[in-house]
Amino acid sequence: KNFKFQMQAVKRLQQRALLATRMTTQQFTFAPQMIAMQRMAFSTDVARVNKGANLLRKAIEKEVKFENDNYSQLEDIETFLDESGFAYNEEDNGIKMTLTKTVGDKTIEVHFEARQPLPDEEFPEEEHQEGEEDEDRPSENYCDFTVFITESDGKRGLVVDATSMDTSIQFNSVAVSQDIASHRDIHRYERAMKTYAGPEFTTLDERIQSAITQMLEGYGVNEHLAAFVECMSLDKDQRLYMQWLGDLKSFVDEE
């Protein structure tokens with residue numbers, strides 16, 4: 001019995017040795033194939049990157065030429081600033097812009113941001129008949145903005161959220177703040193969630209609405225300011241887009 005068990009053990013050892021030999025042979029045979037495939041994949045990736053970079057470079061160059069040929073700086077910017085008394089400021093590489101001036105002992109600040117134009121594909125031209133007006137198509141001329149009116153102490157004041165469309169201003173809310181600085185640093189939508197912004201402007205007594213509108217017009221918040229922020233919000237986005245194209249081209253040129 002012991003001899004039989006020994007023979008079975010030897011046989012199992014021989015089978016394991018044979019299996020190990022086959023596995024080792026397969027591994028050594030498979031290794032060169034893996035190396036070749038890795039080299040091929042690396043070569044293919046580099047070629048694909050170079051091809052894509054060349055295509056992208058040509059597309060960017062055409063887009064840059066088109067944008068440069070069609071861009072023109074807004075007219076009457078200086079005229080509006082001179083006549084309104086506002087000083088204009090913008091972030092060089094950001095989307096934020098401000099208009100600032102002083103009226104009596106109050107400081108008036110208008111904050112607004114760059115915005116992208118409406119995509120044309122949402123309203124294809126072929127869907128519109130010639131001479132037919134599309135009442136459902138939103139106006140391209142609109143802008144959200146916030147007016148901060150600060151008292152001489154620099155702390156207390158009014159926060160007015162508004163929206164303009166085709167130079168017509170819709171006031172959304174008017175809130176009194178004891179700390180204008182803290183409100184100035186918060187986006188209007190976040191501010192509306194964290195603090196009480198006052199009632200909806202349109203729900204106020206008409207006499208209160210009319211008086212607030214007249215007061216804000218006295219501070220320079222009128223149709224001329226609305227036209228400026230509507231146009232400048234698009235213009236700023238266009239200039240940021242052209243800058244983005246240049247940065248992207250610079251990156252691709254280094255490939």
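**Exercise 1. Helix against helix**

Is the crossing of H2 and H6 left-handed or right-handed? Describe the two helices and their contact.

*Solution.* 

Step 1. The crossing of H2 and H6 is left-handed. Left-handed is the term if the near helix is turned anticlockwise from the far one by less than a right angle; clockwise gives right-handed.

Before going on, note that this is a predicted model, where local features need pLDDT of at least 70, side-chain atom pairs count only at pLDDT 80 or more, and totals for chains, interfaces and linings use all residues. Residues are numbered from 1 along each chain as its sequence is written, and side-chain values use heavy atoms, with hydrogens and water left out.

Step 2. Find the elements. Helices (H or I, at least four residues) and strands (E, at least two) are DSSP runs, numbered from the N terminus. H2 covers residues 77-84 and H6 covers residues 223-253.

Step 3. Two packed helices are described by the angle between their axes and the distance between the axes. Here the axes come within 11 Å and cross at roughly 145 degrees. Axes are lines fitted to C-alpha atoms, for helices over the stretch in contact; angles run from 0 to 180 degrees between N-to-C directions.

Step 4. List the contact residues. Ile77, Phe80 and Leu81 of H2 meet His224, Leu225, Phe228 and Met232 of H6. Contact means heavy atoms within 4.5 Å.

Step 5. Sort them. Six are nonpolar, one is polar and none is charged. Ala, Val, Leu, Ile, Met, Phe, Trp, Tyr, Cys and Pro count as nonpolar, Asp, Glu, Lys and Arg as charged, and the others, Gly among them, as polar.

**Exercise 2. Two sides of H2**

Which residues of H2 are buried, and which are exposed?

*Solution.* 

Step 1. Set the cut-offs. Buried means under 20% relative accessible area, exposed over 50%, and partly exposed in between (1.4 Å probe, protein chains only).

Step 2. Ile77, Phe80, Leu81 and Ser84 are the buried residues of H2. They lie on the same side of H2 because they cover an arc of only 95 degrees around the axis. The arc is that of the directions from the helix axis to the C-beta atoms.

Step 3. Turn to the other side of H2. There, Glu78, Asp82 and Glu83 are exposed.

Step 4. Find the packing partners. The buried residues of H2 pack against S1 (87-90), S2 (96-103) and H6.

**Exercise 3. The sheet**

In what order do the strands of the six-stranded open sheet run?

*Solution.* 

Step 1. The order is S1-S2-S3-S4-S5-S6, with antiparallel pairing. Two strands pair if DSSP finds at least two bridges between them.

Step 2. Find the edges. S1 and S6 (168-177) are the edge strands, and each pairs on one side only.

Step 3. Look at S2 and S3 (residues 106-113). They pair over eight bridges. Val103 has Lys106 as its bridge partner, and Thr98 has His111. The two strands form a hairpin with two residues between them, and Gly104 in the turn has a positive phi of about 65 degrees.

Step 4. Move on to S4 (residues 142-150). S3 and S4 pair over six bridges. Ile108 has Ile149 as its partner.

Step 5. H6 lies across S1, S2, S3, S4, S5 (157-165) and S6, running at about 115 degrees to S4.

**Exercise 4. Positive phi in a loop**

Where is Asp76 found?

*Solution.* 

Step 1. Asp76 is in the loop between H1 (2-70) and H2.

Step 2. Check phi. Asp76 has a positive value near 65 degrees, in a residue other than glycine.

Step 3. Check accessibility. Asp76 is exposed, with a relative accessible area of 55%.
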